[in-house]
2 protein chains.
Amino acid sequence: MSDLKAEYWMQKALEQAQIAASKDEVPIGAIVVYRDQIIGCGYNQREVQQNSLSHAELIALNEACHRLGQWRLIDCDLYVTIEPCPMCAGALINSRIRQVYFGASDPKAGAVVSLEHLLDNFQFNHRVLYQGGILKNQCQQIIQNFFQIIRSKRKIK
Amino acid sequence: MSDLKAEYWMQKALEQAQIAASKDEVPIGAIVVYRDQIIGCGYNQREVQQNSLSHAELIALNEACHRLGQWRLIDCDLYVTIEPCPMCAGALINSRIRQVYFGASDPKAGAVVSLEHLLDNFQFNHRVLYQGGILKNQCQQIIQNFFQIIRSKRKIK
């Protein structure tokens, strides 16, 4: 896939992240693309829903399964602004996602290239391809801005 | 925890697995226990729901978050009949589960002691303790019976 096309879809994932930011959630967004159409989208909702499973990727994958009416998301790609955690990387394997594109890596919880390399394990019954660094700066910036605002709010208090 | 107590709760997880079997799902069951009470239970529903996220553990964790009204499942333990996959092991970390007890290990998808050792990675911001082999034979047997029935049905066809 051309970088331009990957960047186009990552922009859509960033729009989801913006929604999270507007709701005081750590701004992470994800979309699932099938045949050049978005069939699932999600943004982090852990705090609003008080649910540890409400990561952007799981919400997007859940919608995609509903939309296609099947658990095997064959020929589907997922775009997410931050490197997936173990739960989300595992969900990509379980969903038979073809390829995941992520923006910034996550040195604290990433399970693709940072703390674990789950998608490099050939023993699982499906292999998800991956590419990081798509619109990396924007994906990093939106998170940094979010935490900067939180820190300045704390200082004012 | 005494083995007898762990076996008592695993029996409850096995009852969930039985429900899955009765619905032609691979029989895996899970429960979340908080202060000696079950606050979440689930059985594998991947086929019925056509959803790759509908593993027993995620369904049980989801119910537990709803019940407690918070995403941090502090002092909660999860019992599951089969070793968790990467998605479910990751969800245990994200939920701050105290300890996971599993029955049989899963050489094809297990992410605790088989294909990965996710819960041994000290770099994540929470460490989930684990113990396997609780009612191992029963947990293995219910799966073996399920696949034996499937194979004999295929032969009849």
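How many salt bridges does a search of the whole structure find over all chains? The search finds 12. The structure is a predicted model. Chain A and chain B touch each other, with 30 residues of chain A in contact with 30 residues of chain B. Chain A holds an open sheet of 5 strands, and chain B also holds an open sheet of 5 strands.

**Where the two chains meet**

- The size of an interface is often given as the accessible area lost when the parts come together.
- Between chain A and chain B, the buried area is about 2700 Å². Carbon and sulfur atoms give 59% of that area.
- Three helices of chain A each supply at least two residues of the side that touches chain B: helix 2 (46-49), helix 3 (56-68) and helix 4 (86-94).
- The residues on this side of chain A divide into 13 nonpolar, 13 polar and 4 charged.
- Between chain A and chain B, 12 residue pairs are in polar contact, counting pairs with both residues at pLDDT 80 or more.
- The number of salt bridges between chain A and chain B is 0.

**A salt bridge inside chain A**

- Side chains of opposite charge can pair when their charged atoms come close.
- A:Arg98 and A:Asp77 form a salt bridge, in which the closest N and O atoms are 2.9 Å apart.
- This pair links distant parts of the chain, the two residues being 21 residues apart. A:Arg98 sits in the loop between helix 4 and strand 4 of chain A, while A:Asp77 belongs to strand 3 of chain A.

**The sheet of chain A**

- The strands of the open sheet in chain A follow the order 2-1-3-4-5, and their pairing is mixed.
- Strand 2 (37-43) and strand 5 (129-131) of chain A are the edge strands, so called because each pairs on one side only.
- On average, neighbouring strands of this sheet are turned by 15° against each other, direction ignored.
- Strand 1 (residues 29-34) and strand 3 (residues 76-82) of chain A pair in the antiparallel sense over 5 bridges. Strand 1 and strand 2 of chain A also run antiparallel, joined by 6 bridges.
- A:Ala30 stands opposite A:Val80 in strand 3 of chain A. A:Ala30 also stands opposite A:Gly42 in strand 2 of chain A.
- Strand 1 and strand 2 of chain A form a hairpin with 2 residues between them. In the turn, A:Arg35 has a positive phi of about 50°.

**Helices on the sheet of chain A**

- Helix 1 (residues 3-22) of chain A lies across strand 1, strand 2, strand 3, strand 4 (99-104) and strand 5 of chain A. Helix 1 runs at about 135° to strand 1 of chain A.
- Helix 5 (residues 136-156) of chain A packs on the sheet and touches strand 3 and strand 4 of chain A. The direction of helix 5 makes about 60° with that of strand 4 of chain A.

**The sheet of chain B**

- In chain B the strand order is 2-1-3-4-5, with mixed pairing.
- The edge strands of chain B are strand 2 (37-43) and strand 5 (129-131).
- Strand 4 (residues 99-104) and strand 5 of chain B pair in the parallel sense over 3 bridges. B:Tyr101 stands opposite B:Gln131 in strand 5 of chain B.
- Helix 5 (residues 136-156) of chain B lies across strand 3 (76-82) and strand 4 of chain B, running at about 60° to strand 4 of chain B.

Key. Residues are numbered from 1 along each chain as its sequence is written. Chains are lettered from A and ligands numbered from 1 in the order in which they are written. This is a predicted model: local features need pLDDT of at least 70, side-chain atom pairs count only at pLDDT 80 or more; totals for chains, interfaces and linings use all residues. Side-chain values use heavy atoms; hydrogens and water are left out. Contact means heavy atoms within 4.5 Å. Buried area is the accessible area (1.4 Å probe) that two parts lose on being put together, summed over both. A salt bridge is a side-chain nitrogen of Lys or Arg within 4 Å of a carboxyl oxygen of Asp or Glu. A polar contact is a pair of N or O atoms within 3.5 Å; within protein, one must be able to donate a hydrogen and the other to accept it, and residues adjacent in sequence count only if both atoms are side-chain atoms. Helices (H or I, at least four residues) and strands (E, at least two) are DSSP runs, numbered from the N terminus. Ala, Val, Leu, Ile, Met, Phe, Trp, Tyr, Cys and Pro count as nonpolar, Asp, Glu, Lys and Arg as charged, and the others, Gly among them, as polar. Axes are lines fitted to C-alpha atoms, for helices over the stretch in contact, and angles run from 0 to 180 degrees between N-to-C directions.
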